[in-house]
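Please look at the sequence and the structure before reading on.

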Amino acid sequence: MPASSAKTVLETAASTSTCTPETVQRKHVFDIRGYSQHKLLGPNVYISSGAFAVGGFDWNIRYYPCGYLKPKYVSVYLELLSAGARVRASCDLTVVGQRPGAPSLVSRTPPTLFTSDLSRFAPSTSKFVKRSKLESPSWGLVHGDRLVIECVVTVFMYPTVVTWAAAPDEGDPPSDLHRDLARMYESQAGADVGFLVGGQGFRAHRTVLAMRAPAFMAGVVRGGGLGFSSGCVDINDMQPEAFDALLYYIYMDSLPAAIRDVDGDRKRELVMDLLAAADRYDIQRLKLICETALSKTLEANTVVTTLTLAEKHHCQR
């Protein structure tokens, strides 16, 4: 029998797998008024900030005015609230100087695994800052009986592996533009315009505003809004929560959970404020969403106010 011979066939086509790290970052400000009164709580007693979401997980800030196990110190922690979660995240906790030129005090925690047990806190030390240093007039960290703590949380999402292969019959992959806009909204990277609304600061991207809300861009940003303060455009005719929802809609094309999940008079108040802004800046889809939300809350004691608003802003629903 003739000897068999093996033949190697070299395929020129190749496939590539790409693993790209993805992070979500957000800042939360904890404004503590009446600093001297909170010290009366004593050691090992904390005050919590409001909960805030980053990367799909809930967090808050714990502030111990008289320290945790270290009474000469002030203790500050970032806490993971989501039950059963395992999250890789880093955080920067900053005590913001309250006087012009005063330095800020920063504590940085590198990427750490947060879990829903005792590993849900960071940093790992209770010695955040000595109270004598915090209260020293030369540092200017406490001023007017007020202390401000900023927390920047960066969540490291689990890597996503994307495999590209020759598949001409499958068509184009779905658009991921909404993910890019969501990432821009969360991280604020490259934001080039600022707004001051009711004492709260917001940042956005001019190109996104021009694309999604051209009337808002032309009337407020290019036109200067109602004035400028510290390099920001002053917005004096909206509540901060409603303006935050307006920016969220411009980037996400939907209302934030902060408005969807609120009930009663507070929700009506925010939606009415948002509807007025949508009409003023000609954001028609947002206006229809607000009209629908308000029409579902009609009651005997709200119908007159609602119909007056509808007539003022030419609402058809």
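Q: How do you know that β5 and strand β8 (residues 121–122) pair, and in which sense?
A: Two strands pair if DSSP finds at least two bridges between them. β5 and β8 share two bridges, so they count as paired, and the sense is antiparallel. L78 stands opposite A122 in β8. Strands here are DSSP runs of E with at least two residues, numbered from the N terminus. This is a predicted model, in which local features need pLDDT of at least 70, side-chain atom pairs count only at pLDDT 80 or more, and totals for chains, interfaces and linings use all residues. Residues are numbered from 1 along each chain as its sequence is written, and side-chain values use heavy atoms, with hydrogens and water left out.

Q: What makes strand β4 (residues 57–64) a partner of β5?
A: β4 and β5 are joined by six bridges in the antiparallel sense. The bridge partner of R62 is Y77 in β5.

Q: Why is C151 called buried?
A: Buried means under 20% relative accessible area, exposed over 50%, and partly exposed in between (1.4 Å probe, protein chains only). C151 has 0% relative accessibility, so C151 counts as buried.

Q: How many residues of strand β5 (residues 73–80) are buried?
A: Eight of its eight residues are buried, and the strand is mostly covered. Y73, S75, Y77 and E79 point one way, whereas V74, V76, L78 and L80 point the other way.

Q: How many disulfides does a search of the whole structure find?
A: The search finds zero disulfides, a disulfide being a pair of cysteine sulfur atoms within 2.5 Å. For C151, the nearest cysteine sulfur, that of C91, is 5.2 Å away, and C151 is in no disulfide.

Terms used
Helices (H or I, at least four residues) and strands (E, at least two) are DSSP runs, numbered from the N terminus.
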